[in-house]
Amino acid sequence: MSKGKYGIHGGQYTPETLMNAIIEVEKAYEHYKNDPAFQDELTELLNEYAGRPSRLYFAKKMTADLGGAKIYLKREDLNHTGSHKINNVLGQALLAKKMGKTRLIAETGAGQHGVATATAAALMGFSCEIFMGKEDTDRQALNVFRMRLLGATVHVVTSGTMTLKDAVNETFREWTTRVDDTHYVLGSVMGPHPFPEMVRDFQSVISKEAREQMLQKEGKLPDAVIACVGGGSNAMGAFYNFIPDESVRLIGCEAAGKGVDTEEHAATIARGSLGIFHGMKSYFCQDEYGQIAPVYSISAGLDYPGIGPEHAHLHDSKRAEYVPITDDEAVAAFFYLSRTEGIIPAIESAHAIAYAMVLAPTMSKDQIIIVNVSGRGDKDVAAIARYKGENIHE
Amino acid sequence: MSNPNKVNQISKIFADQKAFIAFLTAGDPSLDKTEEFILAMADAGADLIEIGIPFSDPIAEGPVIEAANERALQVGTTTDKIFAMVRRIRAKTAIPLVFLTYMNPIFVYGGERFFATCEEVGINGVIIPDLPFEEKGEIRELAGSHGLDLITLIAPTSQDRIQMLARDATGFIYLVSSLGVTGVRSEIKTDLAAIIADIRQVSKTPVAVGFGIATPEQATTISKLADGVIVGSAIVRIIAEHGPAATPILSDYVRRMKAALV
Ligand SMILES: Cc1ncc(COP(=O)(O)O)c(C=O)c1O
């Protein structure tokens, strides 16, 4: 029987060599997710180590400037290691510990998931190996050094398009060579079951907090929640507890790169089609023969040709909307938030800010938007300078 | 389900001998050359040919076959062009042919359309590394309804799953010799005899061992345990090194490997 289905999406399309490893993760997760001691230990880590709960900040100047809906920023950028990725990593690392694993491996695009994994490995005493495409080690050089500083080995992936998808391929290959002592800390709500569900659960702390914080601050629910979507983990986390609240619009922002009418984008919902890849049935950018397309975005974290299966289902059922945001729009938003609120967002998160800038002015002043600021932008400063034609050294 | 009255073209090759199974990637370096290589290997004594339909992201492959996939796609190889090549080959040889590819190329082509075309051009089976037992339902039915075997893979990590997997295997069982991806290995450490004994308790389907086998010595050792030997990376490496001129070297290699089976 096929497991981990979201409508027609999801599943467990994994080589036989990995099936027992994946079933082991599935069983461990089924057990520990209902274990109060495990949940307490995780909450303790999230609060005392990662700095949760993250703030829900009222962006007063941005709201006034845009002249429409009130804008609140969910500050995942303030978490330890600088992004939402730590939420999932602490959960999976703790689970791996309970499973008796001693080694963590992970893919990374922007390097935030790699940094978070290397951090948890240092904290909990795992050895750690990170796989990152050569394109990304070039454009996110700072994070490569951070991972090494934390004691991880970084493998530069030179196959295929040398970006996130290829890093995922390589991490799966590594896992097939060594399953006994190794857990693969998948970084987004993708891959074979149980990863999409487990990562979503670990990230759903974002919307659990945001919902409570909003009710406390405003006494009502927001009208829209906006988040950027690569694989979709920060967005799933930001959406999850609002799914039953039908009045709340859920909006995912995909990377449109140089435009959805060009060949250079990573807009899976806008331009992709149904496929089966990386362990899951979902939407992918691909050609008529099912060859996965080389995708492009200025943002290494959104530069992925697929989307998690639960998002694919939220799209099918029309519960969530997905909009494409270009490089230019994201870079403009990167500058805008920096100068308007003194918050430098990750270039990934800037895709969500960009859509809030479009949407807020069309809404009334008594309406509310939550934008998930999935990470901070320090890692992107040098690349954005280059984009603007300035050559600064990191 | 396949027609039980029809002699299974794949199982037949194991009937009175140990089988040598050769893998290559279609379109590397060109489909004309792939056709020539297949016919030469069949002449040299190969009993079955696995034809890889190249995929952009072959996650079960090591660097040698991965590079072959990239080369094949670079020269514009497509599923339709491969079907056309198989049609030409079928006019010249009856050797059983099996496709190896990933779920996405089949799914996107359209399962029914893919398997109907396989049947029409004369493909006998299909191996899909990223289709585990739990997900195979629909694909197995489609393959069966067009007379193709969906080849079962069993890995060193399959353990408690071995008998569940073996029980409904048809054609042959592909026993993966080692952990990890495809690629030539100097040593094979898995206790293959124990896995084969497990399989034998529930299934009469022939067992062929692959992943990492390159030399006649390894082929001899493995053939003492199993019904057949599968070689991929070593063949693809010859093609990578010699390109369009690989034909005589492949013939010689296949002849030596087949002779080494006992
Ligand atoms: C700050 C930040 N936001 C978003 C993402 C995209 O991932 P996801 O869609 O899983 O949230 C990344 C990935 O690297 C990231 O670093």
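Modeller: What follows is a short chat about the domain interface in this predicted model.

Biologist: How far apart do the C-alpha centres of domain 1 of chain A and domain 2 of chain A lie?

Modeller: Start with the bounds: the assignment gives domain 1 as 5-46 + 84-194 and domain 2 as 51-82 + 204-388. Contact takes in 38 residues from domain 1 of chain A and 48 residues from domain 2 of chain A. As for their C-alpha centres, the separation is 22 Å.

Biologist: And how much area do domain 1 of chain A and domain 2 of chain A bury between them?

Modeller: Carbon and sulfur atoms carry 59% of the buried area. In domain 1 of chain A, the residues losing the most area to domain 2 of chain A are His9(A), His84(A) and Arg139(A), together 21% of what that side buries. The total for the two domains is about 3300 Å².

Biologist: Which residue forms a salt bridge with Arg139(A)?

Modeller: The rule finds 1 salt bridge across this interface, along with 19 residue pairs in polar contact. For Arg139(A), the closest N and O atoms of the bridge are 2.7 Å apart, inside the 4 Å cut-off. The partner is Asp303(A).

Biologist: How many residues on the side of domain 1 of chain A that touches domain 2 of chain A are polar?

Modeller: Elements giving two or more residues to that side include β2 (9-10), α4 (85-98) and α6 (134-139) of chain A. By class, that side has 14 nonpolar and 6 charged residues. The polar ones number 18.

How values were computed. Residues are numbered from 1 along each chain as its sequence is written. Chains are lettered from A and ligands numbered from 1 in the order in which they are written. This is a predicted model: local features need pLDDT of at least 70, side-chain atom pairs count only at pLDDT 80 or more; totals for chains, interfaces and linings use all residues. Side-chain values use heavy atoms; hydrogens and water are left out. Domain bounds come from an automatic or database domain assignment. Contact means heavy atoms within 4.5 Å. Buried area is the accessible area (1.4 Å probe) that two parts lose on being put together, summed over both. A salt bridge is a side-chain nitrogen of Lys or Arg within 4 Å of a carboxyl oxygen of Asp or Glu. A polar contact is a pair of N or O atoms within 3.5 Å; within protein, one must be able to donate a hydrogen and the other to accept it, and residues adjacent in sequence count only if both atoms are side-chain atoms. Helices (H or I, at least four residues) and strands (E, at least two) are DSSP runs, numbered from the N terminus. Ala, Val, Leu, Ile, Met, Phe, Trp, Tyr, Cys and Pro count as nonpolar, Asp, Glu, Lys and Arg as charged, and the others, Gly among them, as polar.
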